[in-house]
Amino acid sequence: MKTKGALLWEPGTNSGWSVEEIEVDPPKRREVMVKLAASGICHSDQHLDDGVIPLPWSPVLGGHEGAGVVTELGPETEGLEVGDHVVLSFLPSCGRCKMCVSGKSNMCDLGNGVLAGVAPDGTHRVHARGKGVGCMSYLGTFAPYVTVPVDAVVKIEKDIPLDKAALIGCGVPTGWGSSVYAADMQLGDTVVIVGIGGVGINAVQGARHKGARNIIAIDPVPFKQEQAQAFGATHAVGSYEEAAKLVEQMTNGQGADRVIITVGVAYGNLLNPAQEMTRRGGVMVLTSAAPIMQRDMEFDLFTFAMSGKRLQGSLYGTTNSRNDIPLMTELYRTGQLKLDELITKTYKLEDINQAFTDMQEGKNLRGVIMYDD
Ligand SMILES: NC(=O)c1ccc[n+]([C@@H]2O[C@H](COP(=O)([O-])OP(=O)(O)OC[C@H]3O[C@@H](n4cnc5c(N)ncnc54)[C@H](O)[C@@H]3O)[C@@H](O)[C@H]2O)c1
Ligand SMILES: [Zn+2]
Ligand SMILES: [Zn+2]
């Protein structure tokens, strides 16, 4: 099918997205075609352009946060029908590998291939200017039609608005799960969340959900501070130093139970200030992507060991998409998870570069591309 898509021809060079004609193949074995309603703008796609996540191949069709309606089924796609409403999980889960069957589907073996630039069978589903196009996370949601593996497709109820459901493809579970699962948050915790973007704002929602007593949001952008409070943060400040003072007062100098890092880019100097704010035995969670070749980090290892703290990485918020995506739609339906308010601004695909500029200037919780044709 001929359609349009936003491509990077030179990933890692900050050259921006080119919206142009693409050809999307029909689904093969264990694949379906989905007509998308919307795609969220996540910082991880920015990382393809700025090189924080380097790709050794091109071109790439970006986008990994989408939801829509199934329009065509390939062979062996039992359980799905044309017309089904689905969220696309940015990490596929096969349901059969060791990690999937042990309840850690964010670690599914299939996830190893999501940046390989080809579909799981090693071929391309998208073509442009006569070349095979790789798709971000096997998805490529910066196009109104996508052909995707069934292992990345999660069916949802038809009453959930699809543009809101799109955010459950990445930012919502990643942030919410970073609090609920990765940080193992407990009732009454004092929590610090560093960086209030599409991911961090959902970490605020997760902290609230788990009954955190104090939720301190850090972001230098005043709009983000206001939004954090609207989503349930008890305090919002602009810097680590201000947060550290609050934590000290609130905990009689004990420190925060959990510190969750969701800034746009994780640099090596972010972790030690987080550790200084964390109580003995507390947990630090790192969700942000870091420049892939970065190896240096300032970190007081003596204190780390001798105070029994834990540093926990968080991929997809440690969620299990087949369980947690339907759960989050249910929490939304019952008023326990905000989705509508996450969308600060909508864009046409043609305005995608403006959407990324707005994200980097801190104007949006989430910008969302709407496909209405
Ligand atoms: N681990 C995963 O599975 C996963 C999934 C999705 C996104 N990510 C990563 O999470 C990060 C956040 O993504 P996003 O879409 O929310 O980004 P975003 O651009 O929407 O938000 C980042 C926020 O961090 C703030 N910030 C930047 N530096 C800061 C600092 N030093 N202190 C406090 N706040 C600071 C910015 O003002 C902005 O509000 C990115 O690195 C992204 O690649 C990881
Ligand atoms: Zn993402
Ligand atoms: Zn698996």
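**Rings and zinc sites**

Mentor: The structure holds 6 aromatic pairs; rings of Phe, Tyr and Trp (its six-membered ring) pair if their centres lie within 6.5 Å, with planes under 30 degrees apart stacked, over 60 edge-to-face and the rest tilted. This is a predicted model, in which local features need pLDDT of at least 70 and side-chain atom pairs count only at pLDDT 80 or more, whereas totals for chains, interfaces and linings use all residues. Residues are numbered from 1 along each chain as its sequence is written, chains are lettered from A and ligands numbered from 1 in the order in which they are written, and side-chain values use heavy atoms, leaving out hydrogens and water.

Trainee: Which kind of aromatic pair do phenylalanine 90 and tyrosine 316 form?

Mentor: Their ring centres are 4.3 Å apart. The angle between the planes is 50°, and the pair is tilted.

Trainee: Which kind of pair do phenylalanine 142 and phenylalanine 356 form?

Mentor: The centres of these two rings lie 6.0 Å apart. Their planes stand at 75°, so the pair is edge-to-face.

Trainee: What is the geometry of the site of the zinc ion (ligand 3)?

Mentor: The protein donors (N, O and S atoms within 2.8 Å of the metal, or 3.2 Å for Na, K and Ca) are Cys94, Cys97, Cys100 and Cys108, through their SG atoms. Four donors count as tetrahedral if all angles lie between 85 and 135 degrees. Here the angles among the 4 donor atoms are 102 to 117°, and the site is tetrahedral.

Trainee: Is cysteine 97 buried or exposed?

Mentor: Buried means under 20% relative accessible area, exposed over 50%, and partly exposed in between (1.4 Å probe, protein chains only). At 8%, cysteine 97 is buried.

Key. Tetrahedral: all angles 85-135°; square planar, octahedral: opposite > 155°, others 65-115°.
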